[in-house]
Amino acid sequence: RGNSTITEGRDLPWLQDTAEADVWTAWGVEYRDVVVLDADGEVHGVYNVTDNDLGESAAYDALLELILSAG
């Protein structure tokens, strides 16, 4: 529910976890984690935007570098 609204007009992928897939547990993520996947769909890195305020240029740059390094 609401997935079409959150993804409308956006290019970034969106994962809606389900009880059957339970990706949240399998990946060991926490609330507000950004999970970056590589070209093979494997977890390349995780960046938490609660601990790292993207309003600060250093945090923004670190997340951008993580995304770009996923290749």
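Ala-19 sits in the loop between helix H1 (3–7) and helix H2 (23–27). Helices here are DSSP runs of H or I with at least four residues, strands are runs of E with at least two, and both are numbered from the N terminus. Is Ala-19 buried or exposed? Ala-19 is exposed, with a relative accessible area of 72%. Buried means under 20% relative accessible area, exposed means over 50%, and partly exposed lies in between (1.4 Å probe, protein chains only). The C-alpha atoms of Ala-19 and Leu-64 are separated by 30 Å. Along the chain, these two are 45 residues apart.

## The model and its confidence

This is a predicted model, in which local features need pLDDT of at least 70, side-chain atom pairs count only at pLDDT 80 or more, and totals for chains, interfaces and linings use all residues. Residues are numbered from 1 along each chain as its sequence is written, and side-chain values use heavy atoms, with hydrogens and water left out.

The pLDDT score is the predictor's confidence in each residue, from 0 to 100. The protein chain averages 92. A score of at least 70 is reached by 99% of the residues. Confidence is lowest in H1, with a mean of 86. It is highest in H3, at 98.

## The overall fold

The protein chain has three helices and two strands. In what order do the elements run from the N terminus? The order is α-α-β-β-α. The C-alpha atoms fill a box of roughly 35 × 25 × 25 Å, taken along the principal axes.

The chain has 71 residues, and 15% of them count as buried. Contact means heavy atoms within 4.5 Å. Take the contacts with a separation of 6 or more: 17% of these join residues 24 or more positions apart.

## The nonpolar core

A nonpolar core is a set of buried Ala, Val, Leu, Ile, Met, Phe, Trp, Tyr and Cys residues joined through side-chain atoms within 4.5 Å. Which residues make up the largest one? Its seven residues are Val-36, Tyr-47, Val-49, Ala-59, Leu-63, Leu-66 and Ala-70. Helix H3 (residues 57–69) gives the largest share of this core, three residues.

Val-49 is one of the core residues. Leaving aside neighbours within four places in sequence, Val-49 is in contact with Arg-32, Val-34 and Leu-54.

## Val-34 in strand E1

Val-34 is found in strand E1. Val-34 is partly exposed, with a relative accessible area of 28%. What does Val-34 touch, not counting residues up to four places away in sequence? Its partners are Gly-45, Val-46, Tyr-47, Val-49 and Leu-63. Asp-17 is 17 residues from Val-34 along the chain, and their C-alpha atoms are separated by 14 Å.

## The largest pocket

A pocket is found on a 1 Å grid over the protein atoms alone: it is an open set of points where a 1.4 Å probe fits, with protein on both sides within 12 Å along at least five of seven lines. Lining residues have an atom within 4 Å of a point. Grid points are joined across faces, edges and corners, and a volume is the space filled by probe spheres set on the points. The largest pocket holds about 1000 Å³ of space.

This pocket is lined by 26 residues. Pro-13, Trp-14, Leu-15, Val-34 and Val-35 lie nearest its centre. The elements that give two or more residues to the lining are H1, H2, strand E1 (33–37) and H3. E1 gives the most, with five residues. By class, the lining has 18 nonpolar, two polar and six charged residues. Here Ala, Val, Leu, Ile, Met, Phe, Trp, Tyr, Cys and Pro count as nonpolar, Asp, Glu, Lys and Arg as charged, and the others, Gly among them, as polar.

Most residues other than glycine have a negative phi. Asp-22 has a positive phi of about 50 degrees although it is not a glycine. Asp-22 lies in the loop between H1 and H2. Asp-22 is partly exposed, at 32% relative accessible area.

Arg-32 is not a glycine either, yet its phi is positive, about 70 degrees. Arg-32 belongs to the loop between H2 and E1. Its relative accessible area is 42%, so Arg-32 is partly exposed.

## Thr-50 in a loop

Thr-50 is found in the loop between strand E2 (43–48) and H3. Thr-50 is partly exposed, with a relative accessible area of 46%. Not counting residues up to four places away in sequence, Thr-50 touches Tyr-31 and Arg-32. Thr-50 and Ala-21 are 25 Å apart in space, C-alpha to C-alpha, and 29 residues apart in sequence.
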